[in-house]
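Dear colleague,

Please find below the structure I am handing over to you. My notes on what was found in it follow directly after.

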Amino acid sequence: MMGSPYHRRAKSFVETCIAQQELFYLGWPTVMSYLRIATHPAVLTVRYPPDEAMKNIETLLSLPHARFLSEAEGFWHVYHTTTSGIPTRGDLLPDGHLAALLRYHGVKTLYTHDRDFLKFPFLDVRDPFAGNPR
């Protein structure tokens, strides 16, 4: 997000994902969180107008190699299995939700700076801000 010390590197990472033809996945919970944070006046001093933030999502939606993941029949069982044995509460709930969504769709690699995802052993967590995330 503009105003974040990670903005430039995050933007570069997303632009690389867009430019490559390799499939990449986004969970709807992540997309909605982006919209909430990018447009919230109390979160960032420099924020996107809602129309511009929505346009960013529409750009991603139009890419033939982008997939948006959502819940479907049987998701609750996958969520329960994914979070079993991990104290999933409070701030870890959205992480558990996304981890289960990735598992539900067979996605095993997650690019994130959030170290909490290391708690989900099936995920190959890669930090896009580390030297070479691949």
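The mean pLDDT (the predictor's confidence in each residue, from 0 to 100) of the protein is 90, and 94% of its residues reach 70 or more. This is a predicted model, in which local features need pLDDT of at least 70 and side-chain atom pairs count only at pLDDT 80 or more, while totals for chains, interfaces and linings use all residues. Residues are numbered from 1 along each chain as its sequence is written, and side-chain values use heavy atoms, with hydrogens and water left out. Helices (H or I, at least four residues) and strands (E, at least two) are DSSP runs, numbered from the N terminus. Among the elements, the lowest mean pLDDT, 86, belongs to helix α1 (residues 7–19), and the highest, 97, to helix α4 (residues 75–83).

Aromatic pairs

Rings of Phe, Tyr and Trp (its six-membered ring) pair if their centres lie within 6.5 Å; planes under 30 degrees apart count as stacked, over 60 as edge-to-face and the rest as tilted. By this rule there are seven aromatic pairs. One of them joins Tyr34 and Tyr48, which are tilted, at 6.4 Å centre to centre and 55° between the planes. Tyr34 lies in helix α2 (residues 28–39) and Tyr48 in the loop between α2 and α3 (50–61), so this pair ties together parts that are 14 residues apart in sequence. Both Tyr34 and Tyr48 are buried (under 20% relative accessible area, with exposed over 50% and partly exposed in between; 1.4 Å probe, protein chains only).

Phe117 and Phe120 form another tilted pair, 6.2 Å centre to centre with 45° between the planes. Phe117 is buried at a relative accessible area of 4%, and Phe120 at 1%.

Nonpolar cores

A nonpolar core is a set of buried Ala, Val, Leu, Ile, Met, Phe, Trp, Tyr and Cys residues joined through side-chain atoms within 4.5 Å. The largest has 17 residues, of which Leu102, Phe117, Phe120 and Leu123 touch the most other members. Helices α4 and α5 (92–104) each supply at least two residues of this core, and α5 gives the most, with six. Apart from this core lies another, of 15 residues, among them Phe13, Val31, Leu60 and Ala66.

The loop at Thr112

Thr112 lies in the loop between β3 (109–111) and β4 (124–126). With 14% relative accessibility, Thr112 counts as buried. Not counting residues up to four places away in sequence, Thr112 touches (heavy atoms within 4.5 Å) Phe117, Val125, Arg126, Asp127 and Pro128.

Yours sincerely
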